[in-house]
Amino acid sequence: WLADEVSGDRAALVGDHADHLVRVLRARVGQEFEISTGSAVRRGRIASISEGRVAFDLAEEVSSATAAPIALVLSIFKFDRMEWAIEKSTELGVARIVPLVARRTDAHLTAAATKRVERWRRLAAQASEQSRRASPPKIDDPIKLSEILKSISGPRFILSENEKEVPLKDALQAAQNAAGASPSSVTLAIGPEGGWTDDELEAFRETGWISASLGKTILRAETAAIAAVVIATAELS
């Protein structure tokens with residue numbers, strides 16, 4: 001469980017988070033659970049239960065998954081599929097997810113995306129609890145392409161079906177060879193349904209992004225996201 005409050009060797013779940021533990025899982029004083037403090041996962045024993053609050057005494061640290069040094073720029077697409085991609089990429093350990101308004105993002109999805117961010121963050125928190133992460137990935141507010149091009153540094157890769165020569169694995173290896181070491185972080189950009197437009201691809205290239213391929217088949221956006229994260233995680237580990 002991701003603690004809502006932490007102070008020394010004490011932690012607490014509050015609100016709906018606490019109610020779920022008590023009413024659905026029927027937790028009782030004295031039961032033990034694994035509690036994430038944001039920096040580590042520790043064994044916690046329920047010390048008290050009150051309305052909307054479950055307090056824990058924290059004990060020893062237990063092993064937990066660490067975030068992979070991967071930022072995933074995810075062009076906004078149909079919300080049910082996008083939520084699946086957010087959940088699974090969280091389980092795989094990405095450190096950051098950036099929802100992107102691309103040229104081919106449907107207008108109604110763009111209009112609704114800002115209101116969905118808190119839901120995406122809740123989904124990521126739940127996926128983090130399920131996968132025993134010490135903390136969920138950072139999920140940014142939706143941004144436009146021009147903002148991404150200005151704000152992202154370090155090795156960055158745009159996954160494109162137009163790329164025929166350079167597999168993502170080879171592009172990652174080339175970046176590591178050029179730096180003489182594994183990069184501290186990488187960024188992967190996944191296009192929307194319908195793919196990137198020519199002017200978007202040109203804008204990426206002009207600002208130092210490396211075009212890479214996930215193979216000869218055309219993948220759905222959510223499949224491409226998971227495939228890219230798995231490849232990058234394997235190469236960076």
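The largest pocket in this predicted model has a volume of about 430 Å³. Here a pocket is an open set of points on a 1 Å grid over the protein atoms alone, with protein on both sides within 12 Å along at least five of seven lines, where a 1.4 Å probe fits; grid points are joined across faces, edges and corners, and the volume is the space filled by probe spheres set on the points. Its lining comes to 26 residues, lining residues being those with an atom within 4 Å of a point. Nearest the centre of the largest pocket lie Leu159, Glu161, Gly195, Ile218 and Leu219. Helix 7, residues 221-236, gives the most to this lining, with three residues.

As for the reading of the model, residues are numbered from 1 along each chain as its sequence is written, and side-chain values use heavy atoms, with hydrogens and water left out. Because the model is predicted, local features need pLDDT of at least 70 and side-chain atom pairs count only at pLDDT 80 or more, while totals for chains, interfaces and linings use all residues.

Stepping back to the whole protein, there are seven helices and 12 strands, taken as DSSP runs numbered from the N terminus (helices H or I, at least four residues; strands E, at least two). The C-alpha trace spans about 60 × 45 × 30 Å along its principal axes. Of the 237 residues, 45% are buried, that is, under 20% relative accessible area with a 1.4 Å probe and protein chains only. Among contacts (heavy atoms within 4.5 Å) between residues at least 6 apart in sequence, 71% join residues at least 24 apart.

On the charge side, the protein has 30 positive and 33 negative side chains, and the centres of the two sets lie 2 Å apart. Lys and Arg count as positive and Asp and Glu as negative, leaving out His and the chain ends; each charge is placed at NZ of Lys, CZ of Arg, CG of Asp or CD of Glu.

A few arginines are worth a look. Arg26 sits in the loop between helix 1 (15-24) and strand 3 (32-36), and its phi is near 55°, a positive value in a residue other than glycine. Arg26 counts as exposed because its relative accessibility is 58%, exposed meaning over 50% and partly exposed in between. Arg132, also not a glycine, has a positive phi of about 60° and lies in the loop between helix 3 (107-130) and strand 8 (138-139). At 38% relative accessibility, Arg132 is partly exposed.
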